[in-house]
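A pair of aromatic rings is described by the distance of the centres and the angle of the planes.

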Amino acid sequence: MATTATEATKTTAPAQEQQANGNGNGEQKTRHSEVGHKSLLKSDDLYQYILDTSVYPREPESMKELREITAKHPWNLMTTSADEGQFLNMLIKLIGAKKTMEIGVYTGYSLLATALALPEDGTILAMDINRENYELGLPCINKAGVGHKIDFREGPALPVLDDLVADKEQHGSFDFAFVDADKDNYLSYHERLLKLVRPGGLIGYDNTLWNGSVVLPDDAPMRKYIRFYRDFVLALNSALAADDRVEICQLPVGDGVTLCRRVK
């Protein structure tokens, strides 16, 4: 998943751009068909190989259906890429998560990936400012038989987190949290999540390489929404690197995912 509804309205670029690449023979090659393309690989062919070889053949039918529904949505750039969904699904299983949280849902592709990985009695507290987008994917979620695992809350996430933090019984009760929402609030989310996620639990922050803009000079040409949130992403990355309460690993999956393992 990319950003928020607010951020999505700031871009005028189509979600599935066609990028011409010369191959030396005068022929033109177009970008692969992955919706919400955020791969940082320099080779589109290599990314398509990953999708065709390792991702799509293993993608559950419910996730494929939701991905195709999302492809028709005007804000489909916001969706989680299929390879990142596969990564999240595997990650949930590896850590044995049972109680999780997702901030920023959109149509629910990453939410479904998580729900499918959780045990039958697992739970996800899901928060997003737009229920309408979530309900686009809800039939796929229910068809997959995992709708009962999701507690969806419409509205800003911070008040919900503050209520949880105020309840001491919720401290350290979550195994995993995934954040893919308003970048200007990531650090605020981080402080609260460190109280709610258990020691040894994980927090995942999406878009931490922000379309590769984190290494561009300040005067480089960027789309408005990329430039607007770039400084918030840079501040987050610097803060996480200096935070001794977590161990971190930043991965070039999708648009960049940083995993934080709580140690304090």
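Y134 is buried at a relative accessible area of 5%, and F152 is buried too, at 10%; buried means under 20% relative accessible area, exposed over 50%, and partly exposed in between (1.4 Å probe, protein chains only). The model is predicted: local features need pLDDT of at least 70, side-chain atom pairs count only at pLDDT 80 or more, and totals for chains, interfaces and linings use all residues. Residues are numbered from 1 along each chain as its sequence is written, and side-chain values use heavy atoms, with hydrogens and water left out.

**Aromatic pairs**
- The count is 7 aromatic pairs, where rings of Phe, Tyr and Trp (its six-membered ring) pair if their centres lie within 6.5 Å; planes under 30 degrees apart count as stacked, over 60 as edge-to-face and the rest as tilted.
- Y134 and F152 are stacked, with 4.1 Å centre to centre and 5° between the planes.
- This pair links distant parts of the chain, 18 residues apart: Y134 is in helix α6 (residues 131-143) and F152 in strand β5 (residues 150-154).
- Helices (H or I, at least four residues) and strands (E, at least two) are DSSP runs, numbered from the N terminus.

- F228 and F232 form a tilted pair, 6.4 Å centre to centre with 55° between the planes.
- Both lie in helix α9 (residues 224-242), 4 residues apart, about one turn of the helix.
- F228 is partly exposed at 45% relative accessible area, and F232 is partly exposed at 34%.
- Ring pairs join W210, Y225, F228, Y229 and F232 into a cluster.

**Charge over a ring**
- The charged end of K99 sits over the ring of F174, 4.5 Å from its centre; the criterion is NZ of Lys or CZ of Arg within 6 Å of the ring centre and within 35 degrees of the ring normal.
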